[in-house]
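Work through the exercises below with the structure at hand. Try each task before you read its solution.

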Amino acid sequence: MEESRQEKLTLVTTKPCFGLPTGCPNCLPVYFYLKFARLPFNLYFHSTFPDSDQIPYVESGSYVAYNNENGGVINCLRKDGIVDLDSDFDTIPEWISMKAMIGSWLVDALVYELWIASEKTSVQKIYFSDLPWPIGTILYFKKNHAVKSHLGITNENAERIETEIYRRANIAYGALSTQLGEDSFLFGERPSSLDALFLGHALISLQALPEASVLKSKLLNFSNLVKYTEKLSTEFIDTAPQSAVPAWSRVSASEGNSSSSTSSKPKSKPKKERSEEEKKFKRRAKYFLAAQLVSVLVFLSLFGGSDKGEAEYEDDDGIEYLE
């Protein structure tokens, strides 16, 4: 662990879009968590398999924390002693329930909006714009099917589930608005992972969803949450957002305005170091490729199968996280 503390962290996400450092709902909270910690890190954009469950991930030396392992990247960073912003809050019942509400009700609402309720233009920009059209289309329908399965949506219950999703989202926004009041952060005088999770959710809801979005309109009803989102995003997002760059290109998230010149004028000095890192990322890309191809083939073989046995969306709080 000492080695990982000494080396600069690298955060790997999907590419930037909608004026955000990354358009991925899983990636943006990790970006803000590291920003809140004032931890310098490099930002890489993985455009080869942006829908992989392993993205986002953070690495430093031999240390790697994946999105789909041990409760996610933020939880890994906390448990592994890299950075913990929650130590003052994680025993407070209200904080715990608020975090669970964001991680279930609001996660499900945003996933529903992106993959089912809205046209696929938003997810196309976030995940598939760099992929060949046939692959992007197959992956979109695969994810759409997985989201419906996760939420238990069928032709018979679709309307009821939609109503319940938006009802819960509205309750969550109301509770968060009351908790925030006129304060700068949701709990206490400094940010925690709770702020990172909600800020990521709110920015994608406000900037990536279409104007006709029901979820977006519900969030806009809570002016203090909107002001809070605008204030923190102005403070913690680099003033010159990174433009889309090829896979494996590096942009330092701590360099602010210099990020654009970094991609246009590559320096010759760090060439050797960069090539070593690229080799490591490319080796991992081969793993992503094999996993994604198998996933697509399995999906195509099962797509016509029966959907019986899908769980109903019950009116309780036991909503699972969407991996």
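**Exercise 1.** How many residues does helix H6 have, and what distance does H6 reach from its first C-alpha to its last?

Solution. The model is predicted. Helix H6 covers residues 133-151, which gives 19 residues. From first C-alpha to last, H6 reaches 27 Å, close to the 27 Å expected at 1.5 Å a residue.

**Exercise 2.** Find where the buried residues of H6 lie, seen down its axis.

Solution. Begin with the list: Gly 136, Thr 137, Leu 139, Tyr 140, Asn 144, Val 147 and Leu 151 are the buried residues of H6. Seen down the axis of H6, these residues fall within an arc of 165°, so they line one face of the helix. In general, residues three or four places apart in an α-helix point the same way, because there are 3.6 residues a turn.

**Exercise 3.** Classify the ring pair of Tyr 112 and Tyr 166.

Solution. Take the distance, then the angle. The ring centres of Tyr 112 and Tyr 166 are 6.0 Å apart, and the planes stand at 80°. Planes over 60 degrees apart count as edge-to-face, so this pair is edge-to-face. Next, place the residues: Tyr 112 is in helix H4 and Tyr 166 in helix H7, 54 residues apart. Finally, apply the cut-off for burial, under 20% relative accessible area. Tyr 112 has 5% and counts as buried; Tyr 166, at 8%, also counts as buried.

**Exercise 4.** Describe the lining of the largest cavity by class.

Solution. The largest cavity holds about 40 Å³ of space. Its lining includes Thr 14, His 46, Pro 50 and Asp 130. By class, the lining has four nonpolar, four polar and three charged residues.

Terms used. Residues numbered from 1 in each chain as written. Predicted model: local features only at pLDDT ≥ 70, side-chain atom pairs only at ≥ 80, totals over all residues. Heavy atoms only, no water. Helix = DSSP H or I, 4+ residues; strand = E, 2+ residues; numbered from the N terminus. Expected span 1.5 Å × (residues − 1). Buried < 20%, exposed > 50% of the residue type's maximum accessible area, 1.4 Å probe, protein only. Arc of directions from axis to C-beta. 1 Å grid on protein atoms, 1.4 Å probe; cavity = no way out; pocket = protein on both sides within 12 Å on 5 of 7 lines; lining within 4 Å. Points joined across faces, edges and corners; volume = space filled by probe spheres on them. Nonpolar A, V, L, I, M, F, W, Y, C, P; charged D, E, K, R; others polar. Phe/Tyr/Trp six-rings, centres within 6.5 Å; stacked < 30°, edge-to-face > 60°.
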